[in-house]
Each structure stands twice: as structure tokens, then as C-alpha cells.
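Thanks for coming, everyone. Please have the sequence and the 3D view ready while I talk.

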Amino acid sequence: MEKIRKYWNRPSRSAYVFIAPSIILLILFNIIPLIMAFGLSFFDVPITMNHATFVGWDNFVEAFHDPRFINSLKVTAIFTGIEVPVQVLGALVIAAFISKNNKRNKFLRAVYFLPVICSATVIGIMWRMILHSNIGFITAALQSMGLGKINFMNTPGLTIFVISFISIWRSFGISTIIYVTAIQQVSPSLFEAAQMDGAGKILQFLHITVPSIRPTFWYIMMTRFAGALQIFDIIYVTTNGGPNYTTESTVSYIYSRAFSSNSSMGYASAMSVVLFIIIMFITVLMYRRMVKEQSGDMSR
């Protein structure tokens, strides 16, 4: 017992005791399901999982010949193309305005961060009511201004932009706070020197703030890409993929094929693997760029 106590008494080893619960949860709810998804993707398995038939690569072949799956990839790509640039660049600009520690900026940070801690279900229901074609506040206001009755949640070509707005509004605060933290780490002497040289706020932002927080920029870009490609909760609560599958993301389609009446856990797992590979490929590229930026900052 004394040898065991001495072994775990070292900080470098006792730390594993404290992170053990998180590691166990990670293994149970992330690693094991991931391995099972890879395994199930080669089988024809119903939702009851009482039998399984090996089909090899058939599920993957079917996925790339499935118009609805291809459409879901397109919808996800459109959503990502809208959400990520606005999220990453918009949060950077807002963070630059509220980076100083005063009462007004602290209040604004709290306001921006409030939607982050709210449930996606609550946010989805709230915006669905606000934008409702009959009882929605915004719809009624636009109609009173003579702009006509706009059905935000059931108009092909428009609804995907509405979903993107809701998603940005929900997660905008976390990106902003991360940027604020990074900006506050930039040496004030750099801004003072630039100001003495006659550089205005915009030039200071472009030539000091932006270059100094490039690793943070790539981190937010990487996490937002991964999050956008997995969008599900907001879509499920607001439109459930409608109208006519114009807002059905890849995860939404995977969910419907896994748990609907014609469920196929094997086929859904195969689509999950395809999405995993796409996310992993993009994440690795961005992670390498982020590490490169950090290495460049350290060398300077």
C-alpha cells in the first residue's frame, strides 16, 4: 500500500485520478459509439438490432447514389458557408469593440453570451414562435409595414438563411468571448506605439490585432466548421428538414434513417462514417494551420 501511495502521490500521476471520470465518459459515449458505428456500417441492421446481415460496402455505395443524402450534404455545405464566415468574422469585429474592461463592455459580453447557455430546444421554439406566419411578432411587424406576409419557416430558398441566422445568434457569444480573451493578451505597448505613429483604430485592428490573434482565429474557424457540419438540434426543433428537405442537414437525415419507421442502423452508420471522414479531413487541415501559426508566433 505504501508503494501504491508513493506512486500516485506524484502530481504527474495523481492528475490521472482526477481526469479519470472524464476519460471514462469519453470512452463510453464517444469512443465506443464511434467504433460501433464503423462496425455497423458494413451490416444491414434494423433499429431493434436483433439480427445483422453483412453487406460489405453496399451501404456506402447506396449513400452516394441516394439523392436525399446528396441533397443533405449540399444543404449542410450551404449552411456551413453562411454560418462560419459570419460567425468567425462578425465575432472578431464585435470582440474588438468590447475588448476593454469597463462596465458597458462587461454587460454586453454577458448579453452576447446569454444564448450560449440556453437550451437549443428553447431557442428553436422561441424563434419559431417569433417568426410564425400567423402569430409571429416579426411577421406581424413586417406585414404592418406593407411588406406582405412572409412565411420564414416554410419558404424554400429562404428558410435555410433563417436557420443560419438562428444558429449564429445562438453560438455567436462563445466565439466573441474567445476573441475578447485573445485580444486582451495582446501587449498594449503595440497599440500605444502604433498610435504614436499616427495609426488609427482601423489600422491598429488590421495590422496589430488580427495578426496577433491568428492562432485563435484558426481555432474558432476549426471548431465552428466542425459544429456547422453537425447541425441538427435547431433544424429538428424549427423545421425538421422542411420545406421539401431544403433544410435537412446530413445529421438530420442520418437521424431520420436511424430512428424512423423504415430505419436502417447500418445505412445510417455508413452515412455517419462519411460525415466523420469529411469533418476529420477539414479539422486536420485547419489544426495543422493553427499549429503552424502558433509556431510562427513563438519563433518571433
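First, the ground rules. This is a predicted model, in which local features need pLDDT of at least 70 and side-chain atom pairs count only at pLDDT 80 or more, while totals for chains, interfaces and linings use all residues. Residues are numbered from 1 along each chain as its sequence is written, and side-chain values use heavy atoms, with hydrogens and water left out.

Helix names next. Helices are DSSP runs of H or I with at least four residues, strands are runs of E with at least two, and both are numbered from the N terminus.

Now packing. Two packed helices are described by the angle between their axes and the distance between the axes. Axes here are lines fitted to C-alpha atoms, for helices over the stretch in contact, and angles run from 0 to 180 degrees between N-to-C directions.

Start with α8, residues 159–184, and α11, residues 214–229. Their axes come within 10 Å and cross at roughly 160 degrees. That makes α8 roughly antiparallel to α11. The cut-offs: under 35 degrees is roughly parallel, over 145 roughly antiparallel, 65 to 115 roughly perpendicular, and the rest oblique.

Which residues meet in this pair? From α8, S171, S175, I178, Y179 and A182; from α11, T216, F217, Y219, I220 and R224. Contact means heavy atoms within 4.5 Å. By class, these residues divide into six nonpolar, three polar and one charged. Ala, Val, Leu, Ile, Met, Phe, Trp, Tyr, Cys and Pro count as nonpolar, Asp, Glu, Lys and Arg as charged, and the others, Gly among them, as polar.

Next pair: α6, residues 120–130, and α7, residues 137–144. The axes come within 5 Å and cross at roughly 20 degrees. These two helices are therefore roughly parallel to each other. W127, M129 and I130 of α6 make the contact with F137, I138 and T139 of α7. Five of the contact residues are nonpolar, one is polar and none is charged.

R68, F69, S72, L73 and T76 in α4 meet T250, Y253 and S256 in α13. That contact has three nonpolar, four polar and one charged residues.

On to the pockets. On a 1 Å grid over the protein atoms alone, a pocket is an open set of points where a 1.4 Å probe fits, with protein on both sides within 12 Å along at least five of seven lines; lining residues have an atom within 4 Å of a point. Grid points are joined across faces, edges and corners, and a volume is the space filled by probe spheres set on the points.

The largest pocket has a volume of about 780 Å³. It is lined by 24 residues, and P33, L34, A37, Q230 and S272 lie nearest its centre. Which helix gives the most to this lining? α14, with nine residues. The lining has 20 nonpolar, four polar and no charged residues.

The second largest pocket holds about 650 Å³. Of its 20 lining residues, A96, S99, K100, F191 and K201 are the closest to its centre. Here α10 gives the most, with five residues. The classes are nine nonpolar, seven polar and four charged.

Last, the loop between α12 and α13. P243 lies there, and a cis peptide bond joins G242 to P243, with omega about -5 degrees. N240 is found in that loop too. N240 is not a glycine, yet has a positive phi of about 55 degrees.
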